Amino acid sequence: MCGGRHGSPVPDLTSKLRVLMNSTLFVLASLDGLSYAALVFLVSVGLSLIFGVLRVVNVAHGSLYAFGAYLAATLSLLVTPISPWLTYPALLVASLVIGIVAGGLIERLLLSRVYGREEVLQLLITFAVFMIMDNLQRMIWGVQPIYAAEPLKLLPNVSIFGVSYTSYQVIVLPVVAVLALFGLRYFLRRTLMGSVILAVTEDREAATAIGINAQRVYLITFIIGATLAALGGALASPTTSLVPGMGTEMIVLSFAVAATAGLGQIEGTAITALAIGMARAFVIYLQPEFEVLVPYLIMVAVLLVRPEGLFGATKLRKI
Amino acid sequence: MAGRSPALAWTLAAVVVAAGVIPILIPSMATLVVLILAKGIVVLGIIILLQAGQVSFGHAMFFAAGAYTAGFWGKYLGVGDLVAYLVVGTVVATILGLLVGLFVVRYREIFFGMLNLAFSMVLWSLLEKMFHLTNGADGMRVPRPTVFGMVFSPENFQYVLLYLTLAIAIAATFAVQRFLESPTGNMLRAIKSNETRLEYLGVSARRILLIGYVVSAALGGIGGVLVAVAQQIATPEFAYWTKSGEFVFIAILGGVGNAMGAFAGSAVFELVRFYASAQLANSWQLILGVVLIAIILFAPDGLIGLWKRQRAARDES
Amino acid sequence: MKRTGKTLKLLAGVSLLLGVLGAPATAQDKPKELKIGITTFLSGPAAVFGEPGKAAAEMIAADINKKGGIGGVPVALSFVDEGAGGEALVSNYRRLVQDEKVDATFASISSGSCNQLVPLAEDLKMLNFMWDCGAASILEAKKYRYSFRSQANATPEMLAVLIYLLKTKPNFKTIAVVNQDYAWGRESWEIFSTALKQMKPDVQVVAELFPKFGAPDYSTEVSRLMALRPDVVFTTSWGGDLDTLVRQAGQRGLLQQSTFVLAIGESSVQRLGKDLPEGLIIGARGDHWFMHPEKKSDAAFKAFNEAFKAKTGRWPIYPVYHMAQAFAALQGAYDKAIKANGGKWPTREQVVDAAPNLEFVGFGRPVKLRAEDNQGLEAQLVGVSKKADGFDHMVLDNMMIFDAAKITAPAGQKSVEWLKTLKPDFAKMDVPVFQHGK
Amino acid sequence: MSATVLLEARGLAIRFGGVIAADGVDLDVLEGEKLAIIGPNGAGKTTFLNIATGYLKPQAGTVRFLGREITAHRPRDITRFGIARAFQIPQLFLDHTVIENLLIAAAGHSGRTTLMRSLHDLPERSEMENLLDLVSIRDVADRRAGELPEGKRKLVDIAVALALKPRLLLMDEPTSGVASSEKFAIMDILVAALDKQRVTSVFVEHDMDMVTRYADRVAVWSAGKIQMSGPPAEVLADPVVREQVIGI
Amino acid sequence: MLSFNKVNVWIAGVHVLRNVTFDLRAGATVALIGRNGAGKTTIARTTMGFTDTTGEVRLAGADLGKVAPHQRPGLGIGYAPEDRRLFSAFTVEENILLPARVGKLDVAETKRRLDRAYTVLPELATLKARPAGSLSGGQGKMAALGRALMLGTKLVILDEPFQGLAPVLAQRYAEALRRLRAQDADITLLITESNPKLLETFADTTITIERGEIEVASQAA
């Protein structure tokens, strides 16, 4: 119907594959995959962390991502006249504000009332939050696309194989993601709060019995997870138009990444995000029609073989 | 299951009468009532799975399978018959349910939900991407079918569709109620409380769940056909995860303990959305979200539970 | 049983309430008001068109009423959100027609909605103006009695852009497309590429990219285009998607490397501001531009634009003008029908009978509703982006205005079939050119 | 007594992390006997039941039932071969009533998974009611299993196992949680029922009085091995057993 | 030290503790005897605040009902739950030190308590760098006791400590408890056990619980 390119994808694909392997396109595609993976990782790891500790799948996670993006853009536009460099702290402030205020409210007011209740209720209460936040976002920021690219414009472009990339996307985003990965590792493995979170995750009652306030741990964990989602949004805001519904896709995508990795697996999430990011970029080069399918196909394939995810572990019920 | 109490039977009768009569007084309600009933039929399927403690966040795929059966029929075979749509749509959804079910019944809880989600998103991507076959995001037109070979005018058709849907809804409700009371239905509930013991009775929990899954997929297909015919269109949105979320939402809203909950929830959901999107253009999601939270926090058994509780309180005083 | 009685009472109450919502209006006598139901996007990405459209409708209705209404009857508007999903849309459309008893509807923005509502309008015998949806196929597949399109369809819209490209940049050898992956993106490319193959067969299509609708990131697409170095990059994307594409391409120098054609970019010019460079070819889905060169001296046009800017903070974009055309068509049809009816208030059928061959003027050149297929014949304006003093965004320069009759597929012929009959000479048609401010 | 060997375990070995539960266990269960397994808490007796019913796979060794290897089979297959199990922590359908628990078991046993007939109308109903009488819990037939006290739940659990008409019944501390005053009465009833239905039984037990009174044979499980087995009087008199297992 | 007054507990609709009343003096070694499911663990968990309770639970006169569960250990209660339940991601010493870090004990106090734990359980010193997940049953029990001792300055609750221990290990565990007793005469020890004979010689007080009710409460002077 259009262009006749869709007739026989198979021979077409092999020739394209050869082109990809033999050329610089491989590097280019990898770079594109990297920046995408960085954002996806930030959001997914927040989701994974929340599930790992609270055992709640946070459907509102994508909304936190969107709120992070919108607030970051608003603040950026606000501070740009003062000094464009202030936009960077603005991104951080926006994520913290959303993480602490929205995340804190969701956990305290809603989730804390349904712990121990049926899984479907926990899931649905975050679904309700998703609907509400989606609506609030429209009420607060309206429906016109918002764009605040100041942070990205401040940095020079870099040229790789004659193709120009913004250093924001190929340097800043991956660096932040790596920092987040190692920061999170350090936090969980080396700090008291991290130990406390791990203890509550493994055994809430035994942890309480040594004086740990599990409620507080849940709150803090949710805030960290929410902040990571908002940070993902804030970092995405300079690169994309903010439009209603931007969080809806992100939710499923981050589900796919987190579930493929195994829920609660931090390093696994990083590897999976990278794999899905790369796969997506390659597919855009090879067979762009299948771009949307990639994460879900990977997820289905992985879960069918390893239901607990690539890096997860199973448990046997005691009888 | 409380399907036998006289009060509920009377309510059922009242609802049936209401669903049948209101649209005659207010013609524009006819399609809305069809949508309410059709979605209620889908939600019956969700309720079946919830008996086993499993929540599918991808059930919209069966809904879409039914809807697209009608869509493909219209595009490739021309105007068909509603009965044929229903039969074929149900068969397609059932087969899809069996195929997907063979995989997903090995999983429980969040993994069950996730895998369903993934499968439905694959279907959604395909419907959206296979533009040449499916017309992409704009969806496929479903021309008004004949019914038992008879051609109806638009005005009459909406009533034919309404009463047919009502009949199917009643039949489905009784069938589901029956199913849940059957040994298999009870085993389904047993999966929720103690799957290990079920295995120790020599029963394959996976097989039981698969039966429930296929039944619920079939119901999804029926609902999909009806909605597509009522709206004269099938779009990829039908398979999107938010649609699955809606079905689960409706199930919890109505209350999962009883098949009637599906229709109570569906009615409230659609009416709120319908009137809110008409009167308060921009806040229907907000309103639905708040209603849902209120139900979860204060009326965990849903609308039906709320109603029962109120009755009990009144009977005591 | 006590309960049942109560339930029935409740139901009776509900039905009464619902009945009140739809107050009846008696036909033939001059009604108290003329009700118009409008479907438009108030949520979702397409609200970038829907919100301005709604604002325009309110302004125009107020203006009509100030002048005494249509045939002496004031108009009243009801809006329905296209973004609330198909079920809600269909249900609400039925409610408008059956309960609120509207006299005419303007539906819709999205071709998907039109596909859904046009047959419904036919079922309900409701006069409907497709006020913004562009898919040619709707009216080409079937002849409808009650629905009319008060603007062009995608064929002349794309054809105008293509001819502009061929006239201004005749030597390009390679082209790539980046369109949203849904019906509009696919169909507009099919029209454009089919015509391109006829008029300039030597051009090579080097990439057909259809990123997902609402995609947040085009990095990979941009990288690929930068490596491929096509002479021309064509896109019919709009809204946030177009903004993202243009900005991501701009940041990485792609806009400087290739000639970009933003086939419906007029609606994004103001929003993109300084991120839009000079030299991009910009189409407008009609002859729509708030500085329409042939309307410079039209006081009503200027006043409307000023008022719109005062109300919304932005100059009007094409959906605003499309809305104005729908009102003009409705008013025209009523006036004609009243005249035909000897000055008496016409029935619905009489108004519908008056619409074919109607000519009306919105804020551009006159539009004619072709009798054979109810398709509107609307001129097309295409220009190129240029900096101008006094604007914080680009303006259009080197504008060409295409005559509707020349570039619209003849009635009874399917667009794609017609396009396949075009010859390279077709692009050599005479088109007036206008400079900015002159 | 040269009875047939019903269940035959050879060289079973399994460990969890640092805990050795079985380390070369050989054990035979003879047709018609009542075998008691005693040993310190947590020594691995329950693990044996888990292996014998397919819930756990041993790291080494085999289990045969009536000469057929069942080591690699799933619990539901093994159940169908004729081994039923009662649990230490009762495994019931807590949202169902007691009679429904039994009816589900009966339906599972008969394979009657019909869709259109109510569970309550199954032909096995009267048989199941008799079973309730047998373990003297008829009075709670219509109570939700989740509401019952632990002791009653244990009995329901055993009744559910009996509903499967097994050839071999494995019981994990059948009377723990039952008031000591009722223990013997219940055990008397249970043993009578087992004899009547000719069910071979294995029970893990801590209470030596129960072992003395009801077991035909006792096996001592300690440190991952069967230390000795034989008639109760003989085994319980052994000084090592007395010191290490009974704790006197 | 610890007193229950008409305590009732329901778990998932089941009446697990019925009007349980007892009073333990400071320095007592208490054996809480009962069958599986009799309610022993529930008494322990109720003391820690993990159940929905009616009635009164007091520690040294203070009403525990007003103290949040996570604040109770800070009052001097050490609790070693059934099945050891160490945090497998940490080493033995990290497990033992975690309560002190959570409770923000100062360095000197932490050291004092750690020393006490190592004196009572000398074998822990050789295990301290091992990951908790790799311990055998007996070693795990020891580590769990060590962790409980970091908090248990007034009351130490041990839930089924002997369950699953080979006789030799049980012996060693009992010796550790004797060392604790010898070192700290005022501490109250509450030990649950299903085998009444096991603690006969060790405990000075025996509480027998059957079906959620205290049947015998004998207290030596």
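## Exercises on a predicted multi-chain model

C:Gln375 has 1% relative accessibility and therefore counts as buried. The model is predicted, and every value below is computed from it.

### Exercise 1. The disulfide

Task: find how many disulfides the rule counts over all chains, and describe the link of C:Cys114 and C:Cys133.

Solution. 

Step 1. Count. Over all chains, the rule gives one disulfide.

Step 2. Identify the pair and its geometry. The disulfide is formed by C:Cys114 and C:Cys133, with sulfur atoms 2.0 Å apart. The angle about the S-S bond is -90 degrees, and the link of C:Cys114 and C:Cys133 is left-handed.

Step 3. C:Cys114 belongs to helix α4 (residues 111-124) of chain C, while C:Cys133 sits in the loop between β4 (128-130) and α5 (137-141). The two cysteines are 19 residues apart, and the pair links distant parts of the chain.

Step 4. Classify accessibility. C:Cys114 has 0% relative accessibility, so this residue is buried. C:Cys133 is also at 0% and therefore counts as buried.

### Exercise 2. Chain A against chain B

Task: which of the seven pairs of chains that touch has the most contacts, and what does chain A bring to its side of the contact with chain B?

Solution. 

Step 1. Chains A and B have the most contacts among the seven pairs of chains that touch.

Step 2. Describe chain A on its own. Chain A has 13 helices and two strands. Of its 319 residues, 65% are buried. Among contacts in chain A with a separation of 6 or more, 77% are between residues 24 or more positions apart.

Step 3. Take the extent of the interface. Chain A contributes 49 residues to the contact and chain B 48 residues. The buried area between them is about 4400 Å², with 77% of it from carbon and sulfur atoms. Of the area that chain A buries against chain B, A:Leu124, A:Met131 and A:Leu304 supply 13%, more than any other three residues.

Step 4. Count the polar features. Between chain A and chain B there are zero salt bridges, and seven residue pairs are in polar contact.

Step 5. Assign the chain A side to elements. At least two residues each come from α5 (119-141), α11 (246-261) and α13 (293-305) of chain A. The most come from α5(A), with 17 residues.

Step 6. Sort that side by residue class. The chain A side has 36 nonpolar, three polar and ten charged residues.

### Exercise 3. Chain C and its neighbours

Task: how many salt bridges lie across the interface of chain C and chain A, and how far apart are the nearest C-alpha atoms of chains C and D?

Solution. 

Step 1. Take the extent of the interface. The contact involves 37 residues of chain C and 39 residues of chain A. Together the chains bury about 3200 Å², 51% of it on carbon and sulfur atoms.

Step 2. Count the polar features. The rule finds two salt bridges across the interface of chain C and chain A. One salt bridge joins the side chains of A:Lys153 and C:Asp275, at 3.0 Å from N to O. The interface of chain C and chain A also has eleven residue pairs in polar contact.

Step 3. Assign the chain C side to elements. In chain C, α2 (47-66), α7 (183-199), β7 (204-209), α8 (219-228) and α9 (239-251) each give at least two residues to the side that touches chain A.

Step 4. Sort that side by residue class. The chain C side comprises twelve nonpolar, ten polar and 15 charged residues.

Step 5. Check the remaining neighbours. Chains C and D do not touch, and their nearest C-alpha atoms are 28 Å apart. Chains C and E do not touch either, with nearest C-alpha atoms 32 Å apart.

Notes: Residues are numbered from 1 along each chain as its sequence is written. Chains are lettered from A and ligands numbered from 1 in the order in which they are written. This is a predicted model: local features need pLDDT of at least 70, side-chain atom pairs count only at pLDDT 80 or more; totals for chains, interfaces and linings use all residues. Side-chain values use heavy atoms; hydrogens and water are left out. Contact means heavy atoms within 4.5 Å. Buried area is the accessible area (1.4 Å probe) that two parts lose on being put together, summed over both. A salt bridge is a side-chain nitrogen of Lys or Arg within 4 Å of a carboxyl oxygen of Asp or Glu. A polar contact is a pair of N or O atoms within 3.5 Å; within protein, one must be able to donate a hydrogen and the other to accept it, and residues adjacent in sequence count only if both atoms are side-chain atoms. Helices (H or I, at least four residues) and strands (E, at least two) are DSSP runs, numbered from the N terminus. Ala, Val, Leu, Ile, Met, Phe, Trp, Tyr, Cys and Pro count as nonpolar, Asp, Glu, Lys and Arg as charged, and the others, Gly among them, as polar. A disulfide is a pair of cysteine sulfur atoms within 2.5 Å. Buried means under 20% relative accessible area, exposed over 50%, partly exposed in between (1.4 Å probe, protein chains only).
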